[in-house]
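Please keep the sequence and the structure open beside it as you read.

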Amino acid sequence: MTTEPSANPGRRSLPAGIWALGFVSLLMDVSSEMIHALLPIYLVTALGATALMVGLIEGIAEATASVTKVFSGAISDWLGKRKLLAIIGYGVAALTKPIFPLVTSIGWLLAARFVDRIGKGIRGAPRDALVADIAPPEQRGAAFGLRQSLDTVGAFLGPGLAVLLMWLTADNFQAVFWVAVIPAFACVVVLMLFVKEPERPAELRKVRAPLSRRELGRLGASYWWVTGVATLFTLARFSEAFLLLRAQSQGLDVALVPLVLVAMNVVYALSSYPAGALGDRTNKLTVLLLGVLMLIAANLFLAMDGPLGLVLGVLLWGLHMGFTQGLFASLVAETAPAELRGTAYGMFNLLGGGALLVASVLAGWLWQSIGPSATFISGAVITVLSLAVLLVMRRRLPQIGVVRS
């Protein structure tokens, strides 16, 4: 679908609901990242897990979220409502947070991650569809960029708090995990009180079977090209847990390892909104190409030994996230029919989650079998392949992501 934009896309004030959804994401990410920043190290040092097990756990967790997103997105299209499912999803995630400080085995931790990611899956597609519903079409890049920026502020505040609390509690993992419970419940309150779902336009077609072959066919070729490129790209973008393990392998103190996520997410947060607004004003695919090139460079630097490669790799990793994630989400909204946005985001995340599972398991196997450098070199090679496919899509579908006056 195409809509005529205003003369200055991205420069008008964004709706209050976009800001509220951003702060909902911020609070949940503070909670989640306080836990996730320590989880790979906790698994390895306290529970005796291997790098392959870390990759498997992270991959299964994210794949679980992605599968759930398909059904929650489809249900939101069938109901014509998004907010209720978002509340349920954030609520489930909040209720699982107290489990983490209580686990004593890898099995229980895997179960906690599994249920937590089910909550993420329930909320993900309806929340993204809600952002697309609230935002003016000509500001969708900026809207998704802002939500992603605020989400990522939480993603670096969480690890920062984890570092501070680890220092204050003499490396007490459980104490940090208990503090993480507070912002998780706060985010549910913000969502319930400050996000208003817009009325469903009367002219939209009623969707009775969102996951049927007929409805999936209505998503269109442009949507499937965007989803295919994003899926291939995700194969090169394995779990950030491997950034933490890379920092540890370079000799960084355990209590300081979460600073890797802080640095990455600061760059991610600062770049997401400007990249989204730039895509609204110019060409989203051009901005995406820059992000893909950044990931190639990030992987090559992370394959190097020494602190310089680690620092540059982590910063470029954050920059590539800012230049790609929000824009992929806005391209889904641009190419999918409005009545099928929940389903569109669900399928987008399902395929991406499957790719992340494969990427994380492969990364863990390469790490364990050959070494850390092999993990990141393979990521660079796959990124080059995704760059080639993105260039083909740009040539075959030049109308995607282009600003129209």
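1. In which helix does alanine 241 lie? Before the reply, a caution is in order, since this is a predicted model. Alanine 241 lies in helix H11, which covers residues 241–249. Its relative accessibility is 6%, and because burial is assigned under 20%, alanine 241 counts as buried. Along the chain, alanine 241 and leucine 261 are separated by 20 residues, while in space their C-alpha atoms are 9.2 Å apart.

2. Leaving out residues up to four places away in sequence, alanine 236 touches Leu295, Asn299, Trp317, Gly379, Ile382 and Thr383. Alanine 236 can also be compared in position with isoleucine 296, which is 60 residues away in sequence but 8.9 Å away in space, C-alpha to C-alpha.

3. Among the buried residues of H10 are Ser222, Tyr223, Val226, Thr227, Phe233 and Thr234. The cover over the buried residues of H10 includes helices H13 (284–302), H14 (307–322), H15 (325–335), H16 (341–369) and H17 (372–396).

4. The same kind of check can be made on helix H5, residues 106–134, whose 29 residues should span 42 Å at 1.5 Å a residue; the end C-alpha atoms are 41 Å apart, which agrees. Where in H5 does a kink lie? The kink, of about 30°, lies at glycine 124, shortly before proline 126.

5. Is glutamate 215 buried or exposed? Glutamate 215, which is found in helix H9 (residues 213–218), has a relative accessibility of 8% and so counts as buried. Apart from residues up to four places away in sequence, glutamate 215 touches Arg205, Val207, Ala209, Pro210 and Leu340.

6. Leucine 211 belongs to the loop between helix H8 (181–194) and H9. With a relative accessibility of 33%, leucine 211 counts as partly exposed, because that class lies between the 20% limit for buried and the 50% limit for exposed. Together with Val67, Phe71, Ile75, Trp78 and Leu79, Leu211 makes a nonpolar surface patch of about 530 Å².

7. Serine 31, in helix H1 (residues 16–36), has a relative accessibility of 0% and so counts as buried. If its neighbours within four places in sequence are set aside, serine 31 is in contact with Lys97, Ala180, Pro183 and Ala184.

8. Finally, please look at asparagine 172, which lies in the loop between helix H6 (140–168) and helix H7 (173–179). Its relative accessibility is 32%, so asparagine 172 counts as partly exposed. Asparagine 172 and leucine 27 are 145 residues apart in sequence, and their C-alpha atoms are 22 Å apart in space.

Technical notes: Residues numbered from 1 in each chain as written. Predicted model: local features only at pLDDT ≥ 70, side-chain atom pairs only at ≥ 80, totals over all residues. Heavy atoms only, no water. Helix = DSSP H or I, 4+ residues; strand = E, 2+ residues; numbered from the N terminus. Buried < 20%, exposed > 50% of the residue type's maximum accessible area, 1.4 Å probe, protein only. Contact = heavy atoms within 4.5 Å. Expected span 1.5 Å × (residues − 1). Bend = angle between axes of the 7 residues up to and from the residue. Patch = residues over 30% accessible without salt bridge, like charges linked within 9 Å, V, L, I, M, F, W, Y side chains within 5 Å. Areas by Shrake-Rupley, 256 points an atom, 1.4 Å probe, with all protein chains shown as cover. Salt bridge = Lys/Arg side-chain N within 4 Å of Asp/Glu carboxyl O.
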